[in-house]
Amino acid sequence: MHSTSFGVSDKLQSELQRACGGAAVGGLQIHIRNETFELGETLPTVSVPALLKAAITPLLDERAPCYLLLSLQSEWALASWVPDAAGVRDKMLYSSGREALRKAFASLGSLSYEAHWAGKGEADVEALFAAPTEEKATLALMTGTERMALEDAKATAVEAASGKAASPPTLP
């Protein structure tokens, strides 16, 4: 499949900004229609994973994929629901759209957790919010010295990108 550029509907953009601005939103169901991300359902704020799972279960159609941006205690997760019974075109579209949605959301907030679900038995919200992202898992395996070196490298890269880093002097 060729690279696809996805738009974000005005309604979804508005709801994303509202949710990331502190509005009480437990989650957003997102569909792709005509290569545009569109808002499906808005979920109420809940305080425990079991209540969030109860809210999303009716949204998981065995033939229709969707994304779920879920919030639990100020942390955000992205779950893609691409059931086995979905059509091949839909599977490819939702697979290629995941990164674009992640980028669209990144300007408004950060995703702490991610999952891909193909069957209702996999749709485990508690496990989703318990699993660290790849970056968190990597940082947990690093020593304190390695983490400090990584932070120093990031700071140097930021300074260099902004033109503040001085080049080392050259020897004659």
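Reader: Where in the chain does Thr45 lie?

Author: Thr45 lies in the loop between S3 and H2; here helices (H or I, at least four residues) and strands (E, at least two) are DSSP runs, numbered from the N terminus. Residues are numbered from 1 along each chain as its sequence is written, and side-chain values use heavy atoms, with hydrogens and water left out. The model is a predicted one, in which local features need pLDDT of at least 70 and side-chain atom pairs count only at pLDDT 80 or more, whereas totals for chains, interfaces and linings use all residues.

Reader: Is Thr45 buried, partly exposed or exposed?

Author: The general idea is a cut-off on relative accessible area: buried means under 20%, exposed over 50%, and partly exposed in between (1.4 Å probe, protein chains only). Thr45 counts as partly exposed because its relative accessibility is 47%.

Reader: Which residues is Thr45 in contact with, leaving aside its neighbours within four places in sequence?

Author: A contact means heavy atoms within 4.5 Å. With those neighbours left aside, Thr45 is in contact with Ala24, Val25 and Gly26. Sequence and space can also be set side by side for a pair: Thr45 and Leu70 are 25 residues apart in sequence and 9.4 Å apart in space, C-alpha to C-alpha.

Reader: How should I read the order of elements, and how many helices and strands are there in the chain?

Author: There are six helices and six strands, and from the N terminus on they run β-α-β-β-α-β-β-α-β-α-α-α. For the strands, the order in the sheet is a separate matter, and two strands pair if DSSP finds at least two bridges between them. In this model the six strands form an open sheet with mixed pairing, in the order S1-S3-S2-S4-S5-S6. Its edge strands, each pairing on one side only, are S1 (7-8) and S6 (111-117).

Reader: In what sense do S1 and S3 pair, and what about S2 with its partners S3 and S4?

Author: S1 and S3 (residues 36-43) pair in the parallel sense over two bridges, with Val8 standing opposite Phe37 in S3. S2 pairs with S3 in the antiparallel sense over six bridges, and Leu28 stands opposite Thr42 in S3. S2 and S3 also form a hairpin with two residues between them, where Asn34 in the turn has a positive phi of about 55°. With S4, S2 pairs in the antiparallel sense over four bridges, and the bridge partner of Gln29 in S4 is Leu68.

Reader: At what angles do H2 and H3 run to S4?

Author: Axes are lines fitted to C-alpha atoms, for helices over the stretch in contact, and angles run from 0 to 180 degrees between N-to-C directions. H2 (residues 49-56) packs on the sheet, touching S3, S4 (66-72) and S6, and its direction makes about 155° with that of S4. H3 (residues 88-106) runs at about 35° to S4 and lies across S1, S2 (27-33), S3, S4, S5 (75-81) and S6.

Reader: What does the pLDDT say about the chain?

Author: pLDDT is the predictor's confidence in each residue, from 0 to 100. The chain averages 81, and 79% of the residues score at least 70. Over residues 164-168 the pLDDT is below 50, and this stretch has three contacts in the model beyond near neighbours in sequence. Where pLDDT is low, the predicted coordinates should not be read in detail.
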